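Here are a few notes to go with your first look through this one. Keep the viewer open and click along as you read.

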Amino acid sequence: MLPLAGAAVLLLTNYQWLAAGPARVTTLAALAALAVIAAYLLPMAVHYDLRTPALLPKASLFALLRIPASALLLLTAIAIGYVVSAFPVLLLVAVGGWIQLDTWLCLRLFAENEALRNAKGLT
């Protein structure tokens with residue numbers, strides 16, 4: 001998690017100090033990609049028997065190759081963030097709810113990916 005945290009701090013600092021323009025939009029896109037990779041990371045660590053150094057590249061590859069699934073994870077995170085910003089008292093249950101929803105979605109996406117690989121004979 002330390003590389004993700006370092007990248008997040010760098011990108012947030014970049015976003016805060018950059019003026020409006022293409023550089024700020026690019027930084028925001030990189031932050032979104034980092035959030036999606038982080039959303040895949042913990043369920044991937046639980047579901048697959050991978051060594052720790054192999055988790056980040058695999059999560060990055062899965063996030064970048066499965067664009068619709070990654071967009072779904074990002075949109076659910078944005079929706080939960082919006083609800084918490086409107087009703088701050090929900091923060092108490094939002095973190096647990098996000099973990100449950102993220103894990104459920106990722107496990108379904110992993111099962112779909114494995115079924116697709118088995119159908120193609122790529123086991």
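Predicted model: local features only at pLDDT ≥ 70, side-chain atom pairs only at ≥ 80, totals over all residues.

1. Start with the largest nonpolar core, which has 20 residues. Tyr40, Met44, Ala59, Phe62, Leu73 and Phe110 touch the most other members. Helices 1 (2-17), 2 (22-47), 3 (52-65), 4 (67-86) and 5 (91-120) each put in at least two residues, and helix 2 gives the largest share, with eight. As background, nonpolar side chains tend to be buried together in soluble globular proteins.

2. Next, the largest pocket, with about 350 Å³ of space. Some names come back here: Met44, Phe62 and Phe110 are among the lining residues, and so is Asn113. Others on the list include Tyr48, Lys58, Arg66, Glu114 and Arg117. Helix 3 and helix 5 are the elements that give two or more residues to this lining. By class, the lining has seven nonpolar, one polar and four charged residues.

3. Last, the second largest pocket, at about 240 Å³. How many charged residues are in its lining? None: the lining has nine nonpolar residues and one polar. Look for Met1, Pro3, Leu4, Ala38 and Thr52, among others. Helices 1, 2 and 3 each supply at least two lining residues, with helix 2 giving the largest share, four.

Technical notes
Residues numbered from 1 in each chain as written. Heavy atoms only, no water. Core = buried A, V, L, I, M, F, W, Y, C linked by side-chain atoms within 4.5 Å. Buried < 20%, exposed > 50% of the residue type's maximum accessible area, 1.4 Å probe, protein only. 1 Å grid on protein atoms, 1.4 Å probe; cavity = no way out; pocket = protein on both sides within 12 Å on 5 of 7 lines; lining within 4 Å. Points joined across faces, edges and corners; volume = space filled by probe spheres on them. Nonpolar A, V, L, I, M, F, W, Y, C, P; charged D, E, K, R; others polar.
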